[in-house]
Amino acid sequence: TGEGGPISSLVSNTITLGTGADTDIAVTFDANSNDGVITWKEDEDYFEFSDDILLATTEKVQFRDTAIHISSSTDGQLDLVADTEIQLAATTIDMNGNVDVSGTIVGASTISAGTAFVPDASDGAALGTSSLEFSDLFLADAAVINLGADQDTTLTHVADTGILLNSTRQLQFGDSGTYIHQSADGVLDLVSATRSS
């Protein structure tokens with residue numbers, strides 16, 4: 001009662017819904033346990049979906065042309081594709097997984113780390129290059145510079161005093177034959193292969 005007869009097909013290439021009134025237009029899919037609704041928001045000028053949208057297999061949601069789209073090229077993977085740039089504009093971008101970057105990371109501001117910056121392997125990366133040098137280095141009070149794969153040589157900042165070279169390690173000049181070091185507690189040695197001046 002109150003419903004028209006079933007429509008199995010609409011034989012038309014152009015279908016218009018609505019009466020031209022200043023109101024939203026809703027299309028309801030009336031099923032048994034769950035209904036679906038697509039609403040044209042007349043004042044806002046967009047469609048509103050009341051339910052999820054599932055794209056089967058590798059179909060795409062395209063923007064402007066076929067070069068910009070969102071899709072899933074394989075199971076478990078979401079692809080955001082653009083022929084020029086993908087811009088993420090938000091106050092905070094929260095990434096809860098590993099980030100695999102094959103290109104260059106360009107930072108226009110400060111990069112903050114919660115724990116450490118590390119290379120992908122021991123001795124696997126340099127800090128700067130011969131043509132792209134960093135400027136100043138700022139370390140906190142009591143900071144330690146560890147040198148060597150087993151950190152056998154360290155330089156430690158002694159607050160308001162200076163720098164401490166550990167154990168009997170040497171500060172060498174030119175080669176290993178000329179150096180300054182502490183050979184024993186309280187003993188400072190200035191050693192030269194030829195002479196001191």
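Visitor: In the hairpin of β2 and β3, which residue takes a positive phi near 70°?

Guide: Most residues other than glycine have a negative phi. In this hairpin, which has 4 residues between its strands, D45 takes the positive value. Strands here are DSSP runs of E of at least two residues, numbered from the N terminus. The model is predicted: local features need pLDDT of at least 70, side-chain atom pairs count only at pLDDT 80 or more, and totals for chains, interfaces and linings use all residues. Residues are numbered from 1 along each chain as its sequence is written, and side-chain values use heavy atoms, with hydrogens and water left out.

Visitor: How many bridges join β2 to β3, and how many pair β1 with β2?

Guide: Two strands count as paired if DSSP finds at least two bridges between them. Strand β3 (residues 46-49) runs antiparallel to β2 and is joined to β2 by 4 bridges; T39 stands opposite E48 of β3. Strands β1 (residues 25-29) and β2 (residues 36-41) are also antiparallel, with 5 bridges. I25 faces W40 in β2, and a hairpin of 6 residues connects β1 to β2.

Visitor: Where do R64 and D160 lie, and are they buried or exposed?

Guide: Buried means under 20% relative accessible area, exposed over 50%, and partly exposed in between (1.4 Å probe, protein chains only). R64 sits in the loop between β4 and β5 (65-71), has a positive phi of about 70° without being a glycine, and is exposed at 87% relative accessibility. D160 is placed in the loop between β8 (153-158) and β9 (162-165). Phi of D160 is near 60°, again positive in a residue other than glycine, and D160 is exposed at 82%.

Visitor: Which side chains meet in a salt bridge?

Guide: Side chains of opposite charge can pair when their charged atoms come close. The rule asks for a side-chain nitrogen of Lys or Arg within 4 Å of a carboxyl oxygen of Asp or Glu. By it the count is 1 salt bridge, between D24 and K41 (3.3 Å, N to O). D24 lies in the segment before β1 and K41 in strand β2, so the pair ties together parts 17 residues apart in sequence. D24 is partly exposed at 34% relative accessibility, whereas K41 is buried at 15%.

Visitor: Where is the place of D52, and is D52 buried or exposed?

Guide: D52 is in the loop between β3 and β4 (61-63) and is exposed, with a relative accessible area of 79%.
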